[in-house]
Amino acid sequence: MALSCKSGAAMKKYLLLLAQENCEFRLPEIKSLLCLIGGHLYNLHDINEKSPFCILHIPSEDMARKLMKRTVCAKSVFELWGHGKSLEELQQSLLTYPSEKMVSYLQPNSTYKINIHTFNKTLSQKEKLAKIEALEFLPFRGKVSLQNAEHIFYLMEDYGPEPNNPRKEPLQIFFGRWIADGQRELINSYSVKKRHFIGNTSMDAGLAFIMANHARVKPNDVVFDPFVGTGGLLLPCAHFGAYVLGTDIDYNTVHGLGKASRMNQKWRGPDENIRANLRQYGLEKYYLDILLSDASKPIWRKGPMFDAIITDPPYGIRESTRKTGTQKEIMKTELFPESHVPVQLNYHLSDIFSDLLNFAAEFLVISGRLVYWLPVYRPEYTEEAVPCHPCLKVISNCEQMLSSHTSRRLITMEKVKEFEEEDQFSHIKDGQYTPYKGHNSFREKYFSGLTKRMAREERARNGGPNTGNYIVTENREEV
Ligand SMILES: C[S@@+](CC[C@H](N)C(=O)[O-])C[C@H]1O[C@@H](n2cnc3c(N)ncnc32)[C@H](O)[C@@H]1O
């Protein structure tokens, strides 16, 4: 699949080895990062949707290194010397690779080694050696060093998408020089399991980094999360050097009080809060503030001020959707003075997203990005159901399954036009609801797929019908 094209004569070929998880999110991440580091999009060829290999046309090794300093979706990048559908094709391709580009890595006074990486097939040591020997025609003149080689080369083979039914011969073979690894270790070092302050819906570290990359967060940006929870989305942004702030309607969450989400711990301890989380990772200097506030009622001085808005709004599975307000007319009495904050109302999903898009349109800087999760009931989903706004352009839309009939989609939008009052997006048009309205009953639809026993257990665990805590997927880490 060719994603975007701006090819030029000076482009070089690099090979990305992508991680085999969150597959839909990988190419949008790489595209966003290329935009961030180079200002342009380049030719990007995905060999096969499910393949971990992807060829990249970019002008320099420096750009490849910059990409790897940010990506959590790619494991490694290689300077591609040759590729083909068979060993013969690979050899032909290697013979056409300019020798002046190889020579400095093959010097007699250098050390090197060749590694073999196979996708969906395990080779014996003997088979691997035979493959390395088949590369002897390349003019390697250095010494082999298995422990500490200066130059590391990889022969990589793709045996197709079916691990239980691998092909006899590979679909594709690549040979290249290793340049750098990506940032996969961040997924472990920022894991919710190791984090000081967590909640039931703390975002999985890998997805949080993917979101920050889709948003193209960069040093000195100001990033806002209107549904901040325990601040799981602020951490990767601060890690990339952005100043972070957020709001949440829940007093206990904002103040780090109440019941603990960790097993074997009853109540939250002292200093369990977002600021302490940032301190844990040496990022406290990027903390701006966390406010107790209802996202349906913006509190900000008018005008663009955020470089990115990254958020995971509530959708009523593990947390209720609510906003401040009351169904009844409030009498201004001594009991209810004007400053009184009324009881909480149900916050319809379609309202959450129309408010969010309006807010982003108004408060993002031009080219700033909104990255958020949209829950969908799959049998009813169509692309038209994705909320739109005249100031925001959809950049990517990636699905993550929650159950057989529900999923959530990571929507990335970019502000392309200054906000004017008449741009206010409403989910009610010409007296009709726009398509996303159908997803308001997401919670009921979500639970309709669970067995009665599972639903009963879920309700018992949460002590009521409207607080969710059923851990369904890998999307958030269980703690
Ligand atoms: C899915 S959680 C966010 C989790 C967060 N990303 C994290 O890593 O912890 C959604 C949050 O939205 C908050 N929330 C619900 N309604 C809100 C509203 N009207 N305004 C602001 N926050 C709200 C909930 O209290 C909850 O903390």
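How many of the six residues of strand β12 (residues 306-311) are buried? Five of the six are buried, and β12 is thus mostly covered; buried means under 20% relative accessible area, exposed over 50%, and partly exposed in between, with a 1.4 Å probe and protein chains only. The model is predicted, so that local features need pLDDT of at least 70 and side-chain atom pairs count only at pLDDT 80 or more, while totals for chains, interfaces and linings use all residues. Residues are numbered from 1 along each chain as its sequence is written, and side-chain values use heavy atoms, with hydrogens and water left out.

Strand β12 belongs to an open sheet of seven strands, in the order β11-β10-β9-β12-β15-β17-β16, with mixed pairing. Helices (H or I, at least four residues) and strands (E, at least two) are DSSP runs numbered from the N terminus, and two strands pair if DSSP finds at least two bridges between them. At the edges stand β11 (287-292) and β16 (392-401); each has a single partner strand, so one side of each lacks a neighbour in the sheet. On average, neighbouring strands of this sheet are turned by 15 degrees against each other, direction ignored.

Strand β12 pairs in the parallel sense with strand β9 (residues 222-225) over two bridges, and Phe-224 stands opposite Ile-309 in β12. The pairing of β12 with strand β15 (residues 364-377) is also parallel, over five bridges; here Phe-306 has Leu-364 in β15 as its bridge partner.

Among the helices, the axes of α1 (residues 26-38) and α2 (residues 61-68) come within 10 Å and cross at roughly 125 degrees. Axes are lines fitted to C-alpha atoms, for helices over the stretch in contact, and angles run from 0 to 180 degrees between N-to-C directions. Helices α1 and α2 are therefore oblique to each other, since angles under 35 degrees count as roughly parallel, over 145 as roughly antiparallel, 65 to 115 as roughly perpendicular and the rest as oblique. In contact (heavy atoms within 4.5 Å) are Ile-30, Leu-33, Leu-34, Ile-37 and Gly-38 of α1 with Met-63, Lys-66 and Leu-67 of α2.

The structure has zero disulfides, a disulfide being a pair of cysteine sulfur atoms within 2.5 Å. For Cys-398, the closest cysteine sulfur is that of Cys-73, at 9.0 Å, which is too far for a bond. Cys-398 is buried, with a relative accessible area of 2%, whereas Cys-35 is partly exposed at 22%.
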